[in-house]
Structure formats: structure tokens, C-alpha cells
Amino acid sequence: MNGKKIKSILESSPNDEKCTVRGWVRTFRANRFIALNDGSTIENLQCVVDFEKLDENLLKQINTGAALQLSGTLVESQGSGQQVELQVTELSILGSSDPESYPIQPKKHSLEFLREKAHLRVRTATFSAVMRVRSALSFAVHQFFQEEGFFYVNTPIITGSDAEGAGEMFRVSTLNPKNPPLNKDGNPDFKEDFFGKETNLTVSGQLEAEAYALALGDVYTFGPTFRAENSNTTRHLAEFWMIEPEMAFYDLYDNMDLAEKFITSVLKHVLISCKKDLKFLDERFNKEENTKPQQQRSTMGLLEKINFVVSNDFKRVSYTEAIDILRNSKPNKKKKFQYPVNEWGIDLQSEHERFLVEKHFNCPVILFDYPANIKAFYMRRNDDGKTVRAMDILFPGIGEIVGGSQREERLEVLEERIKEMDIDAEELWWYLDLRRFGSVPHSGFGLGFERLVQFATGMGNIRDVIPFPRTPQNAAF
Ligand code: 4AD
Ligand code: MG
């Protein structure tokens, strides 16, 4: 069954060549014009059938959503908008589709409606464009790190440790939930469980990536991550993909440089490789923005935003400076923030991050040197004793896209920190070993892949940039 992809047909010039295409009907007009899409490109191929020559029974089956195989001659298009069209000489229905019950009609559907039809929504122009950009971005991620000499490592999905210490994990267990074996305290006895201990789905591959960085030098992970946080927001998923590079001999500034270079590079890649999809998404973004009240509209279009990020340096600001800016800001003085900024040490809320990025600096911002007690145990302590070498990258419209740090490489300081935070040191014996044998300064970060896809596609809700989203109360499909 060889056939040609519509993408390559549309790039060719009409030469009366014979060809066969297969795809799904987007629209069928005037009993004559089939707009066929095969997923290879945002564009449809116009296919012209001679309905007088077609069996009526066949004609009735050319409905939106049906799968067809068409053979014919590629000729110069009579209509405007495209160079070539297919004059069909043979038509077969590969899979019919009932026009009454097929949910994806040739009209605008709401994103909410399409979320309920996640198995079919990728047949729309918007979702197919988003998913092609997503694919191009993941290729660009690997390409970037491979060209920089990094090694790709696959860290475990099932783990016994909570890297982020936030306790937001999904348990992995084969114990009988109705009647688990109990220990002497009356709690489930995980010694009897599959792994002989309590295990969870990983929240981050960082700790294991550190072990590999301290042998291979520069490594990265790119895999699924799970968080049981009950956040019903447009930026949180229970299952998301994270990219975590980890580099030996890097300090925090080297880490920032790499993160900035990395993000810029993958965005440049899609600007070049996804031109048509991004043009479509840019127009879609503009239409969406125009439905919002003036004050809430983005000041830039989608392509403009991507180009801006690619061509401007990220602003680097310490947490302490950011608190000063926020404390003296208009919304804070006018009590417009839901969480007022009064004192040093508070965790920044998304309203604060958005103010810094979208109002004050108007560009991506790297915040660094956060208070130790709002960050994870593994971050390197600064000499002031109260801050750690953390960095978060904040993006317009997205908020936090990257979280990273220089790691605490000093055994005694790390042990102290683990004790302070009441973490089970025994569980981390191997991680502490890394500080016992050939410990070196090292750094890394994690980038939430879906947040990057959101930025690159202009989609407002993270549920619309992953094929089958998992969120609280939702694991359909
Ligand atoms: O800031 P986080 O929690 O950092 C870590 O997990 C570190 N271990 C990374 C490292 O240094 N290797 O998460 C990193 C990024 C966030 O900045 C955000 O982009 C994304 O992961 N993220 C989520 N994305 C979607 N849904 C969620 N629930 C997310 N939680 C974090
Ligand atoms: Mg974070």
C-alpha cells in the first residue's frame, strides 16, 4: 500500500503525475470537492471527483471523518489557495463515518468539548498543529543536547524517594487494597509489597541523573513525571513530561546560561521547521485574544512572542531584589494582590511571577538565590546561611517554566539540611555516597515540556498540549 503524503504533494509542482493518497475527509462540497487531510501537514489536498461517474452508494459515503483512498492525476489547481489538486479517477472508502454521530463537524468546537473527545480531537486543524509542534520540539530537545555532547539517560519511573519533598506522589503497590497485610502498628506492611518497601511514581529523575552526571559529565533525562498535587489550573497536569539536564562542574551561572541557550535553540528550531503550523496557531491566538477584554489581551502575537524570546536576553534578578520590586509595586500598594508582599521569605505566587514578567520586566526572567526554607533539600546553601543557589525561569503567560539549582556537593552541609528538613537519610544513602566519593560542584534544571509546548503554540490550557491529559478526577482514554 504505497501512497504519497499530502505534505510532499503540496510541495511539488503539478506535472500531470499519477498518484495515490490516503487520508480523512475534512469537508465535502458540492458533491465534487473533497478536502482531504492525512495529518502530514496542516493543509488539505483538494481532490475533485466527477460525481456523474461515481456510484451513488459510494458518493453517499464521502462524509466528514471518513477515510478514503484516492488515485488520480495531479494538476494545476483551478481554485485559489493552492497550486495543485487531484483529479480523482479511482476512489475507495477505507473506513466510512456516520455523519450524524461523528462529533468533529466542520465548524468551530470549543476546546472544552474537544477535551471530552480526546481520541478524535487530533483530527482538527488546531490539535494536529499543536501535536506536530510538540513532536518537533521533542526532536529539538534531543538534537540540542546531543549536539552539546550530553548523554541521554533513562531514570526510573518507579522509585522509593521523593526528590522534591513535597509528598505529592502516586503510590505503586500490589497489596490487596481491601485486606492489606498490617504491621504491628496497624498500618499496611509494605515489606510484603511487590518491592518490599513503599514505592511511588517518580516526581523527578534528578537524583538519579546526578549519579550519572558524576560519571558521564553532562547528561539529560526526558521522560514522564507524576505529581498528585490537587491543582486544577491551566498549568498543572498529574502526568507531565520533564527534561532534566544535569552537569558536573557547572555552577549556578553556567546552569542559567545553558537553560537560556537551550530554550532559545528549541524555539528557533520550531520557528523554522513548523512554519505553517505556527502561522495557523498565530492566527488562532489572535482570534482568541480578541475575544478577551482589552486589559487581559496579550500585547504581542504568538510569533512575535516567540521571536521576542529568541532574540532577547532573559533578565536575571535575585529573589531579594524581586521582593523589593514587588513590595514597592503599584498592585501591592493598592492591595490588588490576593497575597500581599510584606516580608522577605514568602513563596512567590503566580500573580507575583506574572507581575514581574508581564508588567515590570516584560521579558523572561530568571529569579535566583531563593530562601532555603521554600526550596528542596538538595540545593546548595549560600554563605549567607539563609538562601540557596536556586533558579526559576518565568515566562510571559506561563509563569514558571524551569526550576533548577546548583546542588549541595558538601556532605556535611547536605546531611545537616536533610536532618533539618526531617527527611529519611537512610532512603538517600546512595545519594549521600555521591558526596563521599569524588563529589564535585554540579548543577541542573527541570523544564516542564508541556509548559514549553504551551508557550510555543499559544494554547491557554495545558490539557490541550498533551494527547491524553491526566488531571484530578480525570484519567479518561
Ligand atoms: O520546579 P520543579 O518541581 O523542579 C524539579 O522537579 C527539579 N527536580 C528539576 C531539576 O532541577 N532537575 O519542576 C520543574 C518544572 C517546573 O518548572 C514546571 O515547568 C514543570 O516542571 N512542572 C509541571 N508541569 C506540569 N504540571 C505540573 N504539575 C508540574 N509541576 C512542575
Ligand atoms: Mg519549581
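Student: Which residues in α8 meet which residues in α14?

Tutor: This is a predicted model, and the values below are computed from it. On the α8 side, L302, K305, I306 and V309 take part, and they meet F455, A456 and T457 of α14. By type, the residues of this contact comprise five nonpolar, one polar and one charged.

Student: At what angle do the two helices pack, and how far apart are their axes?

Tutor: Helix α8 covers residues 302–311 and helix α14 covers residues 449–457. Their packing angle is about 120 degrees, and the axes lie 8 Å apart. An angle of that value makes α8 oblique to α14.

Student: Now the chain as a whole. How many helices and strands does the protein chain have?

Tutor: The protein chain contains 14 helices and 16 strands. Its C-alpha trace spans about 85 × 60 × 45 Å along the principal axes. The chain has 477 residues, and 51% of them count as buried.

Student: Where is K184, and is K184 buried or exposed?

Tutor: K184 sits in the loop between β8 (171–172) and β9 (199–201). Its relative accessible area is 83%, so K184 is exposed.

Student: Where in the chain are F249 and F477?

Tutor: F249 belongs to the loop between β11 (239–248) and α6 (252–273). F477 lies in the segment after α14.

Student: How accessible are F249 and F477?

Tutor: F249 has a relative accessibility of 61% and therefore counts as exposed, the cut-off being over 50%. F477 has 45%, so F477 counts as partly exposed.

Student: How is empty space found in a model?

Tutor: A probe the size of a water molecule is rolled over the atoms, and this shows where empty space is left. In this structure there is one cavity of 30 Å³ or more. The largest cavity has a volume of about 30 Å³.

Student: Which residues line the largest cavity?

Tutor: The lining consists of R227, E229, S231, H236, L237, A238 and P472. Three of the lining residues are nonpolar, two are polar and two are charged.

Student: What is the volume of the second largest pocket, and how many residues line this pocket?

Tutor: The volume of the second largest pocket is about 950 Å³. Its lining has 36 residues, and those nearest its centre are K107, T124, A125, T126 and F280. The lining is made up of twelve nonpolar, 13 polar and eleven charged residues.

Student: Which element gives the most to the lining of the second largest pocket?

Tutor: Helix α7 does, with seven residues. At least two lining residues come from each of β1 (18–29), β2 (33–37), α3 (111–115), α4 (125–147) and α7 (275–290).

Methods. Residues numbered from 1 in each chain as written. Chains lettered and ligands numbered in written order. Predicted model: local features only at pLDDT ≥ 70, side-chain atom pairs only at ≥ 80, totals over all residues. Heavy atoms only, no water. Axes fitted to C-alpha atoms, helices over the stretch in contact; angles between N-to-C directions. Helix = DSSP H or I, 4+ residues; strand = E, 2+ residues; numbered from the N terminus. Parallel < 35°, antiparallel > 145°, perpendicular 65-115°, else oblique. Contact = heavy atoms within 4.5 Å. Nonpolar A, V, L, I, M, F, W, Y, C, P; charged D, E, K, R; others polar. 1 Å grid on protein atoms, 1.4 Å probe; cavity = no way out; pocket = protein on both sides within 12 Å on 5 of 7 lines; lining within 4 Å. Points joined across faces, edges and corners; volume = space filled by probe spheres on them. Buried < 20%, exposed > 50% of the residue type's maximum accessible area, 1.4 Å probe, protein only.
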